[in-house]
Amino acid sequence: SVPGTKASAELMAMILADKYVDHLPHYRQSDRFLRRHGAELRRQTLNGWTHAAADHLAPVGAAILRELREADVLQIDESPGDYLAPGTGSTGQGYLWYYRDAEKGTVYCDWQLGRGHESMLAILGLDGESGLPPYTGLIQCDGFSAYQALIRRYAEISLGGCLAHIRRKFHEAREQDPVVVMPILQTIAKLYRIET
């Protein structure tokens, strides 16, 4: 169980998965607990338990982050997502950033309101505040300008392209110059077969 709560580990896992995997807000979870089980779990209680679980799991997140910073190759991508922006009468758009150790498969997710290179600084230890050594390896990513801005600012980091993004450009150009493009696409197909 999570210290400071009456919730079991199983219940906390369900609440967290409902919220963060299935995007079921606490008020809907509260309604469901009452309707299905006759259990009155107020939204404020679920919210408090969620924060307690996050605090309890923080050392796990810190360990994952330390491991990622030691990776030779990090794969990074960001996905847009809407979030509630109370007081504005609408939703806002933020980004869930994914960091993955290409060799071990370790993954870390980080929510940011922005998509610029500044969004990566704390995770990569480049903000000077974490106390951990900064990341200095290779980042495999798409061609988004934030990554270019990052390496202009931090020369100790290298970029590696994403073959799927590279292939897409050749695929789009195949009709314009098939003599040049088709051998490249065939070579990429061979690499995909090797990978499979």
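The points below concern helix packing, nonpolar cores and selected residues in a predicted model.

1. Helices H1 and H2. The axes of H1 and H2 come within 10 Å and cross at roughly 130°. That angle makes H1 oblique to H2, and the crossing is right-handed. On the H1 side the contact is made by Leu11, Met14, Ile15, Asp18 and Lys19, and on the H2 side by His26, Gln29, Arg32 and Phe33. By class, the residues of the contact of H1 with H2 divide into 4 nonpolar, 2 polar and 3 charged.

2. Met14. Met14 is a residue of helix H1. Its relative accessibility is 32%, and Met14 therefore counts as partly exposed. Leaving aside neighbours within four places in sequence, Met14 is in contact with Arg32 and Phe33; both of these residues belong to the H2 side of the contact with H1. Met14 and Glu172 are 158 residues apart along the chain, and their C-alpha atoms are separated by 44 Å.

3. His23. The loop between H1 and H2 contains His23. The backbone deserves a look here: His23 has a positive phi of about 55° although it is not a glycine. Most residues other than glycine have a negative phi. His23 is exposed, with a relative accessible area of 62%; the cut-off for exposed is over 50%.

4. Helices H2 and H3. H2 (residues 26-37) packs against H3 (residues 43-69) at an angle of about 120°, with the axes 8 Å apart. H2 and H3 are therefore oblique to each other, and H2 passes H3 in a right-handed crossing. His26, Tyr27, Gln29, Ser30 and Phe33 of H2 make the contact with Arg43, Leu46, Asn47 and Thr50 of H3. Sorted by class, the contact of H2 with H3 has 3 nonpolar, 5 polar and 1 charged residues. On the H2 side, His26, Gln29 and Phe33 take part in this contact and are also listed in the contact of H1 with H2.

5. Thr5. Thr5 is placed in the segment before helix H1 (9-20). Thr5 counts as buried because its relative accessibility is 16%, the cut-off being under 20%. Not counting residues up to four places away in sequence, Thr5 touches Trp49 and Ala52. Thr5 and Glu103 are 98 residues apart in sequence and 37 Å apart in space, C-alpha to C-alpha.

6. The nonpolar cores. The largest nonpolar core has 22 residues, of which Ile76, Tyr99, Met120, Leu124, Ile139 and Leu150 touch the most other members. At least two residues of this core come from each of H3, strand E1 (73-85), strand E2 (90-101), helix H4 (118-121), strand E4 (138-141) and helix H5 (145-153). Met120 touches Ile76, Trp97, Tyr99, Ala146, Tyr147 and Leu150, again not counting residues up to four places away in sequence. Another core, of 11 residues, lies apart from the largest one, and its members include Val2, Ile15, Leu16 and Ala53. Of these, Ile15 is also listed on the H1 side of the contact with H2.

7. Helices H6 and H7. The axes of H6 and H7 come within 9 Å and cross at roughly 150°. H6 and H7 are therefore roughly antiparallel to each other, the cut-off being over 145 degrees. The crossing of H6 and H7 is left-handed. Leu163, Ala164, Arg167, Phe170, His171 and Ala173 of H6 meet Val181, Ile184, Leu185, Ile188, Leu191 and Tyr192 of H7 in the contact. The class count for the contact of H6 with H7 is 10 nonpolar, 1 polar and 1 charged residues.

8. Asp177. The loop between helix H6 (163-173) and helix H7 (178-195) holds Asp177. Asp177 is partly exposed, with a relative accessible area of 35%. Asp177 and Tyr154 are 23 residues apart in sequence, and their C-alpha atoms are 37 Å apart in space.

Terms used. Residues are numbered from 1 along each chain as its sequence is written. This is a predicted model: local features need pLDDT of at least 70, side-chain atom pairs count only at pLDDT 80 or more; totals for chains, interfaces and linings use all residues. Side-chain values use heavy atoms; hydrogens and water are left out. Axes are lines fitted to C-alpha atoms, for helices over the stretch in contact, and angles run from 0 to 180 degrees between N-to-C directions. Helices (H or I, at least four residues) and strands (E, at least two) are DSSP runs, numbered from the N terminus. Angles under 35 degrees count as roughly parallel, over 145 as roughly antiparallel, 65 to 115 as roughly perpendicular and the rest as oblique. A crossing is left-handed if the near helix is turned anticlockwise from the far one by less than a right angle, and right-handed if clockwise. Contact means heavy atoms within 4.5 Å. Ala, Val, Leu, Ile, Met, Phe, Trp, Tyr, Cys and Pro count as nonpolar, Asp, Glu, Lys and Arg as charged, and the others, Gly among them, as polar. A nonpolar core is a set of buried Ala, Val, Leu, Ile, Met, Phe, Trp, Tyr and Cys residues joined through side-chain atoms within 4.5 Å. Buried means under 20% relative accessible area, exposed over 50%, partly exposed in between (1.4 Å probe, protein chains only).
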